[in-house]
Amino acid sequence: MSKALRLDHCVIAVSDWETSNAFYRDVVGAEILDVGAGRFAYRLGDTQLNVHGPGVDVGSLVGRRPVRPGNSDLCFVWAGPVEDAVAHLGNQGVTVESGPMDTFGAGGPGTSVYFRDPDGSLLEFISYG
């Protein structure tokens, strides 16, 4: 293969559209896309989270064990000092589960803070600054 690959999208599952849409918009900073048929997707820059949720038939093109609410583990790049991420989470009423701590991500060494979405999926903000 002559070109480097990048992740286009992945799938998460949620148990409540309204709660999750607000969380991913307000806490994570996602653009909420109504993709029709009662489904939504969360866009973050040039990456997208396709979302499986209540009332949606996603068909048969899913993993052998389809993603379920609360079983994802995702990391998002925070564009600024990790202390600002911690303050943002506090302002949104989100509990920091762990960190800040030294970690290693796609951009190399960074500092991360961990928290959970409304269903319990583990989320991470990593700062490379």
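**Exercise 1.** Which residues of the largest nonpolar core touch the most other members?

*Solution.* Before starting, note that this is a predicted model, in which local features need pLDDT of at least 70, side-chain atom pairs count only at pLDDT 80 or more, and totals for chains, interfaces and linings use all residues. Residues are numbered from 1 along each chain as its sequence is written, and side-chain values use heavy atoms, with hydrogens and water left out.

Step 1: learn the term. A nonpolar core is a set of buried Ala, Val, Leu, Ile, Met, Phe, Trp, Tyr and Cys residues joined through side-chain atoms within 4.5 Å. Buried means under 20% relative accessible area, exposed over 50%, and partly exposed in between (1.4 Å probe, protein chains only).

Step 2: find the residues. The largest core has 22 residues, and those touching the most other members are Ile12, Phe23, Tyr24, Tyr42, Phe76, Phe115 and Leu123.

Step 3: see where the core comes from. Helix H1 (17-28), strand E4 (47-52), E5, H2, E7 and E8 each give two or more residues, and H1 gives the most, with five. Helices (H or I, at least four residues) and strands (E, at least two) are DSSP runs, numbered from the N terminus.

**Exercise 2.** Describe strand E8 and its partners.

*Solution.* Step 1: check the cover. E8 spans residues 122-127, and six of its six residues are buried.

Step 1: sort the side chains. Leu122, Glu124 and Ile126 point one way, while Leu123, Phe125 and Ser127 point the other. In a regular strand the side chains alternate between the two faces of the sheet.

Step 2: find the partners. Strands pair if DSSP finds at least two bridges between them. E5 (residues 73-77) runs parallel to E8 with five bridges, and Asp73 is the bridge partner of Leu122. E7 (residues 108-116) runs antiparallel to E8 with six bridges, where Val113 stands opposite Phe125.

Step 3: look at the turn. E7 and E8 form a hairpin with five residues between them, and Gly120 in the turn has a positive phi of about 105 degrees.

**Exercise 3.** How many salt bridges does a search of the whole structure find?

*Solution.* Step 1: a salt bridge is a side-chain nitrogen of Lys or Arg within 4 Å of a carboxyl oxygen of Asp or Glu.

Step 1: the search finds two. Asp26 meets Arg25 (2.7 Å, N to O), and Glu97 meets Arg116 (2.7 Å, N to O).

Step 2: Glu97 and Arg116 link distant parts of the chain, 19 residues apart.
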